[in-house]
Amino acid sequence: MISTIPSKDGENFDNTNFPVLKNDLYLRAARGEATERAPVWCMRQAGRYLPEFRAIRVEHDFFRVCRTPALATEVTMQPIRRYDGLLDAAIIFSDILVVPQAMGLVVEMVPGKGPHFPEPLQTPDDMQRLQDLHKGFSVDSELDYVYKAITNTRHALAGRVPLLGFAGAPWTLMAYMVEGGGSKTFSAAKTWLFKYSATAHELLGRISAVVAAFLVGQVRAGAQALQLFESWAGELSPRDFAEFSLPYLARIAAHVKSHFPDVPLTIFAKGAHYALEQLVQETAFDVISLDWTIEPDVACKRVASAASGNTSRHFITLQGNLDPTLLFAEPETIRSRTTEMCRAFGDTPFVANLGHGMMPTHDPEHLRVFLETVHETTRAMRM
Ligand SMILES: Cc1c2[nH]c(c1CCC(=O)O)Cc1[nH]c(c(CCC(=O)O)c1C)Cc1[nH]c(c(CCC(=O)O)c1C)Cc1[nH]c(c(C)c1CCC(=O)O)C2
C-alpha cells in the first residue's frame, strides 16, 4: 500500500496531492489535440550516455537503483535537469524485467553483457516456478517499490513535465524469460510458440494479467501516461504477431482503459509496421510509436486510412522515429535529418522521439541538437 505520509529524508509517497502540471504538450498531443509545437522525449533518456548516470552506477547495482525510490527519482530527473525546458516528458527509471522478477525469476544485470536469467524457463514444467495471481501473488505488493519511485518522482518533477510509466509487453517478456537474456535467433522462445503452443499462450496470458495490473497500479501511483514496449515484435512473422502478440496487447490496453479511459497509452512494437492497421483497428492504444524502418508520411497515410470508417477511433497520434545512430553524425546532419523527419509527419499529431533508445556511446550534446531542432522546426511549421 502507498503510504500517504512523507518520510523524513525528503521522499514523498503521498499519491493524492500532486503539483499542478505546467507543461501539458505531451498529454495534449497524445490525445490527438493540435499543439503549438511537437512535444519531444527520448526512449532511454536516462542512461549510460550521461556521465551523471554512470557516476550513480559506479556505486549502485542496476536493480538497486530501480528498487530505491530516491535513486530512481534522481536518475529520472537527470535528463530533465540537463536539458532544462527541452524535454516534454519524463519516463520513470526502471526496467521491463522487473515483471519477470516479480513473477519469481532471478534476473541479473551483467555489466557489458546485459540482462541474464541464471534459471530461465526451459520446459512447460517450469511454469510451476512462476508466482500465480490465483494463489495469493500480489502484483501491487511485489512491485510497490516501482509505485513509490513513481509517486516520489512526480513530486520531484514539481509539474515541469508529465511522468510516464511503462512495462514490457508479453511476447518480449516471455522471450527474455525463456531465452534467459538477449538472443540472435530467439530459437528457444520460438520453440515454445510452435512446439508448446498451449503453454506459450498460458504464459502470455499470465504475463498479460500481471502487466495490466501493474500499469493500473502505476497510474494510481502517479503515472500520467503509459508506454508498452514490444521490443521483439519484429522477430515474429505478421501471422505470428497476430496470434502471439496482438491479442495480448489489445487485452492489456482494454484493461487499462476500463480503469483510466483518459490516460494516454502508447504501443512501441519495434519492427512491426506491417501491423499498423491492426494496432489502429483492434486495440485501444492512443499513440503508436514507430521505429525508423518506415517513413513517417507512409505511416501517417496508413494510420489515417485505417482509422477512417472506425467510429470508435477519433484520433491516433504517432511517435518517433529518428534512427538513434543518426546521433553519431555531425550536428549539421542531425539538424537536417531531424527537420526532414518533422516535416514528414506533416499535420499528423505526433510526439517526436527516436526510433529506439539512446545508446551508451551517444554524445549528450548531440541529443541536445535533436531536441532543439524539434522545437524550432515544429514551432515554425505550426505558425
Ligand atoms: C528490451 C528492454 C529492456 N529494458 C527496456 C526495454 C524496452 C526498450 C527497448 O527495447 O530498449 C526498457 C527500459 N530500460 C530502461 C528504461 C528506463 C527509462 C528510460 O530512460 O527510457 C526503460 C524504459 C533503463 C535501462 N535498462 C538497462 C540500462 C543499462 C544498464 C546499466 O546501467 O548497466 C538502462 C539505463 C539494462 C537493460 N534492460 C534491458 C536490456 C536489453 C538492457 C541492457 C541494455 C544495454 O546493455 O545497453 C531490457
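Modeller: Happy to, and keep in mind that this is a predicted model. There are 22 residues around the ligand, and those that come nearest are Ala 46, Gly 47, Gly 114, Phe 229 and Ser 231.

Biologist: Nice. How does the shell around the ligand divide into nonpolar, polar and charged?

Modeller: The shell has 12 nonpolar residues, 6 polar ones and 4 charged ones.

Biologist: Zooming out, how many helices and strands does the chain have?

Modeller: You'll find 16 helices and 9 strands. The C-alpha trace spans about 60 × 55 × 40 Å along its principal axes.

Biologist: And what share of the residues is buried?

Modeller: Buried residues are 46% of the 383 in the chain. As for contacts with a separation of 6 or more, 77% of them join residues 24 or more positions apart.

Biologist: Let's switch to Ala 275. Where is it found?

Modeller: Ala 275 is in the loop between β6 (265-269) and α13 (276-282).

Biologist: Why does Ala 275 count as buried?

Modeller: Ala 275 has 23 C-beta neighbours inside 10 Å, and the cut-off for buried is 20 or more. Leaving aside residues up to four places away in sequence, Ala 275 touches Pro 238, Phe 241, Leu 246 and Ala 269.

Biologist: How far is Ala 275 from Arg 44?

Modeller: C-alpha to C-alpha, they are 24 Å apart in space, and 231 residues separate them in sequence.

Biologist: New topic: helix α10. What should its 25 residues span?

Modeller: At 1.5 Å a residue, helix α10 (residues 197-221) should span 36 Å, and the distance between its end C-alpha atoms agrees, also at 36 Å.

Biologist: What comes just after α10?

Modeller: That's Gly 222, which takes a positive phi of about 130°.

Biologist: In which sense do β8 and β9 pair, parallel or antiparallel?

Modeller: Parallel: β8 (residues 317-322) and β9 pair that way over 5 bridges. Leu 322 has Leu 354 in β9 as its bridge partner.

Note on methods. Residues are numbered from 1 along each chain as its sequence is written. This is a predicted model: local features need pLDDT of at least 70, side-chain atom pairs count only at pLDDT 80 or more; totals for chains, interfaces and linings use all residues. A residue is near a molecule or strand if its C-beta atom, placed from the backbone, lies within 6 Å of it. Ala, Val, Leu, Ile, Met, Phe, Trp, Tyr, Cys and Pro count as nonpolar, Asp, Glu, Lys and Arg as charged, and the others, Gly among them, as polar. Helices (H or I, at least four residues) and strands (E, at least two) are DSSP runs, numbered from the N terminus. A residue is buried if 20 or more other C-beta atoms lie within 10 Å of its own, exposed if 12 or fewer, and partly exposed in between; C-beta atoms are placed from the backbone. Two residues are in contact if their C-beta atoms, placed from the backbone, lie within 7 Å. The expected span of a helix is 1.5 Å times one less than its number of residues. Two strands pair if DSSP finds at least two bridges between them.
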